[in-house]
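Biologist: I am new to this structure and would like to learn how to read its features. Could you take me through a few of them?

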Amino acid sequence: MADLPFDDVVDFENADRGFVAALSPCVVRAADGRVVWDNDSYDFLKGECPDTAHPSLWRQAQLCVKQGLYEVTEGIYQVRGLDLSNMTFVEGDTGVIVIDPLISTECAAAALKLYREQRGDRPVTGMIYTHSHGDHFGGAKGVTDGNIPILAPVGFMEHAVSENVYAGVAMTRRAVYMYGPALPRSAEGQISSGLGMTTSMGTTSLIPPTIDITRTGQEETIDGVKIVFQLTPGTEAPAEMNFYFPQRRALCMAENATHNQHNILTLRGAVVRDTRIWSRYLTEAIALFGDKSEVAFASHHWPTWGQENIVAFLSQQRDMYAYLHDQTLRMMNLGHTGPEIAEMIEMPPALEQAWHTHGYYGSVSHNVKAIYQRYLGWFDGNPAHLWQHPPVEAAKRYVECLGGAVAAISFARGYKDKGDLRFAAELLNHVVFADPGNGEAKNLLADVYTELGHGAENGPWRNFYLMGALELREGPVAADLDMGTPDMIAALSVEQVFDSIAIRVNGPKAWDTRLVVDWEVTDLGERYRTMLTNGAFIQEPDPKPGQADLSLKLTKLQLLGLLAGKDVGEVEHEGDMRVLGRLTAVLDTATADFAIVTP
């Protein structure tokens, strides 16, 4: 860390460049008065870095906290610091095109208002979703009712909906740890997520796209603005795209090249990303647009200006992902496991000296493990790890071997005093899982987590450790941000609706229940048969004629209502409607406040 170029202020110059106006106060409220965004709560970052923060993460937070309207180049503006992500405005012949309308409708509306106060009351004439993550589409209804062209990469709806519904409850719970919204905004608490400050907590929405981008090289003109697209599936998101504005010589890199090392597997959980293809798409972006671009901007952080600087930036980002991939595979094929490689790998000195390759959001440690997981999965090949006890049972045995909880805590104190916080945390975690009522162990583990958090360069690592400490002391914190909104549910395809039912079936309760239901969704012209058999909920499109316990003709809206237990009026049917009650009786409802640091 001592060798990092803290005297290099180019990032600060670029983050301030083009400043037009700030939102003052930078506080956004919901209609009921609830605060959904408060950037002013980070004013403490104006001070010097304290002992409770990693200097490199503090520097990143000082950059990310900058907020307001900025001119990127003539006719392109960004609002930064009003949510985790940026919202970009591209001025057209008659109005303005919005790129990535943030997480919350309230924040998106505030960003649009700030833009209009400085640039005039231009109508929104188009919208672009760069990719399928919620911080890039959730605020859509804050800027438009949808009666405009909306562009997105092919597969956007499938991935936007499936990620937030299939594993949405678990991801949302873990996001509480990743972004730390319940932590105090202070030098001892939450200071940044590295990618931005944190997530807003307002109303999320989703308006389906009207134009799919299906191939690299596809050109579209919206409100007189020509746009050339590059599809990049499997990079930072399953559906993602970069694009170029030839009239402005401006390149949007979505979230494929930002001022940090990104996640290969985000700590909240997601599908493992492909570092190999990620690096190749960056090579392709350089070839397609590198010699034509005078500015490159993204959905997070600040732009890069100058053709040489852009190519250097993209090249280093590309080399970073390629190096992580190739070296992990090299060492994997020498017999090393993910945790071993994570300790062994050394990044090239030139990349270590580049601020934007540092692990403020992703990290070398957990990215290497993710690459290993992508290729070889959870099992490292050691038979001892093939059939281990689950955490509570293993913890009881470890504590017994150590001579009981008192002895285990004593060992842990010794490791803590020697500075081995990692092993102190491991020992104390066993004590807590073996005896969750042991207050001494919980408090000491909270102290260890606090020290680990204060020393972390990675924003999510810091937040995970500090949230763990908070919940050990105060209990689980429920997530305030809800991605399972009516817009999200309405956007499910019929296939996804049945998938979302299947993952709620309580298998043992349904072992002896057999049901067959035929569904004709009249407004979509689709037919399905669903079967509950052996505790599994099976769906079959376009079924052959056969006997069903219940046959229904209904609209998709009625389908959603029925499965939610709502009164949808008369539905044309043959058979016994009580069959639906037998189905809903075996469905579980997920909880968003399950325990993480205790059993």
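Biologist: Thanks! Let me start with a charge and a ring: over the ring of which residue does the charged end of Arg80 sit?

Modeller: Before that, please keep in mind that this is a predicted model. The ring belongs to Tyr70, and the charged end of Arg80 lies 3.9 Å from the centre of that ring. There is another case to look up: Lys418 has its charged end over the ring of Tyr415, at 4.6 Å from the ring centre.

Biologist: And when two rings meet, what do I look at?

Modeller: Two values describe a pair of aromatic rings: how far apart the centres are and the angle of the planes. In this model the count is 20 aromatic pairs. One of them joins Tyr129 and Phe137, with 6.3 Å from centre to centre and 70° between the planes.

Biologist: Why is the pair of Tyr129 and Phe137 called edge-to-face?

Modeller: Planes over 60 degrees apart count as edge-to-face, and the planes of Tyr129 and Phe137 are at 70°, so the pair gets that name. Tyr129 is buried, with a relative accessible area of 0%, and Phe137 is buried at 0% too.

Biologist: What about the rings of Trp378 and Phe379: how far apart are their centres, and at what angle are their planes?

Modeller: Their centres are 5.3 Å apart and the planes are at 45°, so this pair is tilted. Trp378 is exposed, with a relative accessible area of 65%, while Phe379 is partly exposed at 27%.

Biologist: Which residues do ring pairs link into a cluster?

Modeller: Look for Phe498, Trp519, Tyr528 and Phe537, which ring pairs join into a cluster.

Biologist: Now to single residues. Is Thr258 buried or exposed?

Modeller: For one residue, I like to ask where it lies, how accessible it is and what it touches. Thr258 is found in the loop between strand 14 (250-252) and helix 6 (275-289). Its relative accessible area is 1%, and because buried means under 20%, Thr258 counts as buried. Beyond residues up to four places away in sequence, Thr258 touches Leu195, Ala298, His300, His301, Phe313, Gln317 and His356.

Biologist: Which residues does His262 touch?

Modeller: His262 is also placed in the loop between strand 14 and helix 6, and with 1% relative accessibility it is buried. Not counting residues up to four places away in sequence, the residues that His262 touches include Leu195, Glu236, Glu255, Arg273, Trp278 and Tyr321. Tyr361, Gly362 and Asn367 are also among them.

Biologist: Where does Arg527 lie?

Modeller: Arg527 is part of strand 18 (residues 526-533), and it is partly exposed, with a relative accessible area of 37%. Leaving aside neighbours within four places in sequence, Arg527 is in contact with Trp519, Glu520, Glu540, Pro541, Asp542 and Pro543. With Pro543 you can look at the atoms themselves: the side chain of Arg527 reaches the backbone oxygen of Pro543 at 3.2 Å.

Biologist: How do I read two helices that pack together? For instance, at what angle do helix 5 and helix 15 pack?

Modeller: Here you look at the angle and at the separation of the axes. Helix 5 (residues 168-179) and helix 15 (residues 459-474) pack at about 105°, and their axes are 6 Å apart. Angles of 65 to 115 degrees count as roughly perpendicular, so helix 5 is roughly perpendicular to helix 15. On the helix 5 side, Arg173, Arg174, Val176, Tyr177, Met178 and Tyr179 take part. They meet Pro460, Asn463, Phe464, Met467, Gly468 and Glu471 in helix 15.

Biologist: Last, the backbone. Which residues does a cis peptide bond join?

Modeller: That bond joins Ser24 and Pro25, with omega at about -5°. Pro25 has its place in the loop between strand 1 (19-21) and strand 2 (27-29).

Biologist: And what is the phi of Arg249?

Modeller: Arg249 is not a glycine, yet its phi is positive, at about 50°. You will find Arg249 in the loop between strand 13 (241-245) and strand 14, and it is partly exposed, with a relative accessible area of 34%. Asp542 is not a glycine either, and has a positive phi of about 45°. Asp542 lies in the loop between strand 19 (536-541) and strand 20 (550-554), and is exposed at 58% relative accessible area.

Key. Residues numbered from 1 in each chain as written. Predicted model: local features only at pLDDT ≥ 70, side-chain atom pairs only at ≥ 80, totals over all residues. Heavy atoms only, no water. Phe/Tyr/Trp six-rings, centres within 6.5 Å; stacked < 30°, edge-to-face > 60°. Buried < 20%, exposed > 50% of the residue type's maximum accessible area, 1.4 Å probe, protein only. Lys NZ or Arg CZ within 6 Å of the ring centre and 35° of its normal. Helix = DSSP H or I, 4+ residues; strand = E, 2+ residues; numbered from the N terminus. Contact = heavy atoms within 4.5 Å. Polar contact = N/O pair within 3.5 Å; in protein donor to acceptor, adjacent residues only side chain to side chain. Axes fitted to C-alpha atoms, helices over the stretch in contact; angles between N-to-C directions. Parallel < 35°, antiparallel > 145°, perpendicular 65-115°, else oblique.
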